Amino acid sequence: TKGNTVDPFEIINEQGADALRWYLLTVSPPWVPTRFDTDGVDEVVRKFLGTLVNTYSFFAMYANIDRFDYVENERIPVKERPELDRWICSALTTLTKKVNQNLERYDLTKATRSIGSFVLDDLSNWYVRRSRRRFWKSETGHDKRSAFQTLYECLLTLSRLMAPFAPFISEKLYLGLTAGNNDYPGSVHLCRYPAAGKAPVDYTDELLESRMDLVRRIVFLGRSLRNNAAIKVRQPLSEIIIVDQNNRKKKLIDGMEHLILDELNVKGISYAESEDQLLQKRAEPVFKTLGPKFGKMVNKAAEAIRNFSDEEIHHLLENGGRFLVVEGHEAKIMPEDLSIISENRPGLVAERDGDLTAAIKTTLSEELVYEGLAREFINRIQNMRKEAGLEVTDRIFIRTQASPALARAIGHLSQYIKDETLCSNLEIGNAEGDLVKELKINDQTASIGIAKVQDAPPNLHYS
């Protein structure tokens with residue numbers, strides 16, 4: 001009567017029952033009063049369900065192209081798969097255990113939140129993104145089959161884990177994955193619920209999960225460093241430096257360095273024994289306590305404090321103070337008489353996240369600048385491919401007219417550009433093609449033309 005209710009059927013008709021159910025389960029425990037927010041339901045559709053559907057669509061698209069079939073007796077044992085596959089399988093097993101434990105405690109909110117975190121952070125934003133090239137490449141070998149099987153198993157297990165909470169999207173996902181396969185029940189709701197020892201994937205490697213967690217923390221911190229330095233991810237950098245006093249971090253990420261290098265677009269990793277190698281200290285006077293000690297000479301004392309070197313600041317802090325003489329007047333400077341400010345050393349941007357400290361080198365060589373321009377050029381070509389409605393397998397030719405620095409970068413890295421854009425022929429001269437655009441790349445300009453030279457055969461296998 002007061003008009004302050006929400007009609008659930010309006011939400012269901014607009015966003016679907018699964019979105020409403022997932023929102024109500026994840027926003028708070030059912031016994032906690034919560035203000036209903038329609039924007040929260042929209043976010044479920046956009047972020048969680050949208051990401052899940054996009055991940056399945058990615059799998060289906062490349063599975064159709066390669067005519068992939070999941071055959072149980074041709075399954076590669078998890079322990080024989082590449083490291084990234086073993087990690088996501090272990091993370092999936094950890095998720096399965098966590099969901100079961102929470103359900104046994106009737107904690108539906110923690111159970112659904114953990115599924116959402118796995119889909120968004122682990123599966124989509126890390127595993128699939130890191131594996132894209134494995135699905136793209138033309139040859140079908142052990143690595144590609146492992147990637148297909150791993151992603152298939154993750155999606156199939158997720159459909160079963162989600163079934164009690166989001167019955168419709170889980171059913172659609174399950175039926176799409178198992179279409180034409182009589183070895184599976186006809187509905188996800190007829191399947192046994194995944195549990196420890198009974199899940200389709202039952203593989204655990206806690207050390208691998210810890211190592212990957214550290215790698216991802218370094219990547220997250222590195223992205224923050226790039227953001228602080230206002231340097232785009234597509235601009236390569238020479239090095240990231242990680243503080244590692246006891247060599248523990250280096251040992252943990254051994255063999256995974258390529259993930260950090262690729263994600264952060266840096267050429268190398270080095271290690272420092274202490275933060276002092278990345279940050280320099282600067283002392284600022286605290287006039288409230290200095291005034292009584294130096295009187296009229298406080299400004300000169302303050303200037304002397306500002307000129308303290310790293311070593312002098314360290315000595316003062318270690319020894320609890322030091323004497324300072326200003327025009328014959330001597331007084332003891334205590335740690336509370338100054339404020340210590342940490343600043344980046346020249347050419348570095350550093351940051352700390354808990355027990356992890358790292359820095360990136362911001363100085364750019366001519367080679368790095370060229371590669372940065374080439375990567376931006378590739379990005380514009382990929383956007384043009386989408387705009388032109390090209391399929392992922394379509395090959396193209398590129399004809400471009402560019403400003404001098406960009407033209408040199410394109411010529412210098414022409415093969416790299418061709419490989420990344422499925423380009424059969426790249427010419428610098430006049431911009432011609434089915435689609436021609438005038439674009440600005442950093443501070444350079446270019447006219448770019450692209451045209452399709454080959455059709456991809458239509459292969460449909462997964463709907």
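**Reading exposure, salt bridges and overall form**

Mentor: Arg 322 counts as partly exposed, at 21% relative accessibility.

Trainee: Under what relative accessible area does a residue count as buried, and over what as exposed?

Mentor: Buried is under 20%, exposed is over 50% and partly exposed is in between, with a 1.4 Å probe and protein chains only. The model is predicted: local features need pLDDT of at least 70 and side-chain atom pairs 80 or more, whereas totals for chains, interfaces and linings use all residues. Residues are numbered from 1 along each chain as its sequence is written, and side-chain values use heavy atoms, without hydrogens and water.

Trainee: With which residue does Arg 322 meet in a salt bridge?

Mentor: A salt bridge is a side-chain nitrogen of Lys or Arg within 4 Å of a carboxyl oxygen of Asp or Glu. The partner of Arg 322 is Glu 312, at 3.4 Å from N to O. Glu 312 belongs to helix H13 (residues 310-319) and Arg 322 to strand E4 (residues 322-326), so this pair ties together parts 10 residues apart in sequence. Here helices (H or I, at least four residues) and strands (E, at least two) are DSSP runs, numbered from the N terminus. Glu 312 has a relative accessible area of 30% and is therefore partly exposed.

Trainee: Which parts of the chain are linked by the salt bridge of Arg 217 and Asp 353?

Mentor: The side chains of these two residues meet at 3.9 Å, N to O. The pair links distant parts of the chain, with Arg 217 in helix H8 and Asp 353 in strand E7 (residues 348-353), 136 residues apart. Arg 217 is partly exposed at a relative accessible area of 25%, and Asp 353 is partly exposed at 33%.

Trainee: How far apart are the closest N and O atoms of Asp 355 and Arg 217?

Mentor: In this salt bridge they are 3.0 Å apart. Asp 355 lies in the loop between E7 and strand E8 (356-361), while Arg 217 is in helix H8, so parts 138 residues apart in sequence are tied together. Asp 355 is exposed, with a relative accessible area of 53%.

Trainee: Is Leu 190 buried or exposed?

Mentor: Leu 190 has a relative accessible area of 65%, which means that it is exposed. Leu 190 sits in the loop between helix H7 (167-178) and helix H8 (206-229). From Leu 190 to Gly 180 the C-alpha to C-alpha distance is 17 Å, for 10 residues in sequence. Met 61, in helix H3 (residues 38-66), is partly exposed at 33%.

Trainee: How many helices and strands does the protein chain have, and what is its radius of gyration?

Mentor: There are 16 helices and 12 strands. The radius of gyration, at 29 Å, is well over the 23 Å of the globule rule for 463 residues, so the chain is more spread out than a compact globule. The radius is taken over C-alpha atoms, and the rule is 2.2 Å times the number of residues to the power 0.38. Along its principal axes, the C-alpha trace spans about 95 × 70 × 60 Å. Of the 463 residues, 44% count as buried.
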